[in-house]
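Please look over the sequence and the 3D structure shown here before reading the briefing. It is written for a reader who is new to protein structure and wishes to go through one chain topic by topic.

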Amino acid sequence: MSTKNESIVEPETETETVAVAETNLRRGVYLIPNLLTTSALFAGFFAIISSINGDFEKACIAIFVAQLLDGADGRVARMTHTQSEFGAQYDSMSDLVAFGLAPALLAFLWSLNGLGQTGWVLAFIFAASGALRLARFNVQISKVDKKYFVGLPSPAGAAVIWSIIWSMEAFGVSGSQLIWFMAILVPLVGVMMVSPIRYFSFKDISAQRRVPFFVLLAIVLVLALVALDPPRVLLGFALTYALHGPILEVIKFVTGKKRKATSS
């Protein structure tokens, strides 16, 4: 829920900002989108509790559920015209827990705790990057092309972490066996979240727009694949999305160089 309600008037002073906020809160909040956001927050909190209890598979599934709910709340708000400033800020707070703190703690307790203090510092880099990514998104929301995200979205960054851990758990691979891999991966994903690399947002896809029949068939096939082997199929999707941004940037850079060479 990242767009503002049309009824909100932009205040010019800090006093007017407080007055407008109080007026909007007195009017109440929209139930359905904020209920979905609360559910995503609950799933993120449940993932933290599951990680502390050593039930890493449950923690991974909980973060995945939080992603589904996070994707739903914004679309429901836009479809029902129930966007609000409160909803946008609440959504960011929920994202910080579900896609910043929860995956960072999951990675630390599954693997990085074997590195002691260095491990929790690496996990903190991911959590802090998630917070910075969300803050930058809120500031730039009206200034960037809605077709793209600047930096890897925090839900996608979290997906890389939990899908790898879930897949390794399914393979019977322990976190201690991948401790150095995770030591590189976790902060690297954090850096990708605050990088200037652009990623497709898919926000231009409208629920009211007609699509070719094969699109529906493709969705059915994808759901079937996920049902057959959820950990590894979802890992494939997470890695594909995380890597498509850098790949597009490289292609753009190479194409630009070729054009310059041709014109000169």
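The points that follow go from the overall picture to single helices and residues.

This is a predicted model, and the protein in it has 9 helices and 2 strands. Read along the sequence, these elements follow the pattern α-α-α-α-α-β-α-α-β-α-α.

**Overall picture**

- Of the 264 residues of the protein, 39% count as buried, and the accessible surface comes to about 15,200 Å², with 69% of that surface belonging to carbon and sulfur atoms.
- When contacts between residues at least 6 apart in sequence are considered, 81% of them join residues that are at least 24 apart.

**The largest nonpolar core**

- The largest nonpolar core holds 52 residues, and the members that touch the most other members are Leu112, Leu152, Trp162 and Met182.
- Helices H2 (31–52), H3 (56–79), H4, H5, H6, H7 and H9 each supply at least two residues of this core, and H6 gives the most, with 10 residues.
- Tryptophan 162, one of the core members named above, touches Cys60, Ile63, Phe64, Gln67, Leu106 and Leu234, if residues up to four places away in sequence are not counted.

**Helix H3**

- The 24 residues of H3 should span 34 Å at 1.5 Å a residue, and because the end C-alpha atoms of the helix are 35 Å apart, the model agrees with that expectation.
- The buried residues of H3 are Phe56, Ala59, Cys60, Ala62, Ile63, Ala66, Gln67, Asp70, Asp73, Gly74 and Ala77, and what covers them includes H2, H4 and H6.
- An α-helix has 3.6 residues a turn, so residues three or four places apart point the same way.
- Just after H3, histidine 81 takes a positive phi of about 55°.

**Helix H7**

- Helix H7 covers residues 179–194, and its 16 residues should span 22 Å at 1.5 Å a residue, which agrees with the 24 Å between its end C-alpha atoms.
- The buried residues of H7 are Ile179, Met182, Ala183, Leu185, Val186, Pro187, Val189, Gly190, Met192 and Met193.
- These buried residues of H7 pack against helices H4 (85–110), H5 (117–140), H6 (154–171) and H9 (230–263), and also against the strands S1 (148–150) and S2 (198–200).

**Serine 201**

- Serine 201 lies in the loop between strand S2 and helix H8 (213–228).
- Is serine 201 buried or exposed? Serine 201 is buried, because its relative accessible area of 10% falls under the 20% cut-off.
- Leaving aside neighbours within four places in sequence, serine 201 is in contact with Lys146, Lys147, Tyr148 and Phe149.

**Salt bridges**

- The count of salt bridges in the model comes to 2.
- In one of them, the side chains of aspartate 55 and lysine 58 meet with a distance of 3.8 Å from N to O; aspartate 55 is partly exposed, with a relative accessible area of 29%, and lysine 58 also counts as partly exposed, at 46%.
- Aspartate 229 forms a salt bridge with arginine 232, and the closest N and O atoms of this pair are 3.1 Å apart; aspartate 229 is partly exposed, with a relative accessible area of 24%, and arginine 232 is partly exposed as well, at 31%.

Key: Residues numbered from 1 in each chain as written. Predicted model: local features only at pLDDT ≥ 70, side-chain atom pairs only at ≥ 80, totals over all residues. Heavy atoms only, no water. Helix = DSSP H or I, 4+ residues; strand = E, 2+ residues; numbered from the N terminus. Expected span 1.5 Å × (residues − 1). Buried < 20%, exposed > 50% of the residue type's maximum accessible area, 1.4 Å probe, protein only. Contact = heavy atoms within 4.5 Å. Core = buried A, V, L, I, M, F, W, Y, C linked by side-chain atoms within 4.5 Å. Areas by Shrake-Rupley, 256 points an atom, 1.4 Å probe, with all protein chains shown as cover. Salt bridge = Lys/Arg side-chain N within 4 Å of Asp/Glu carboxyl O.
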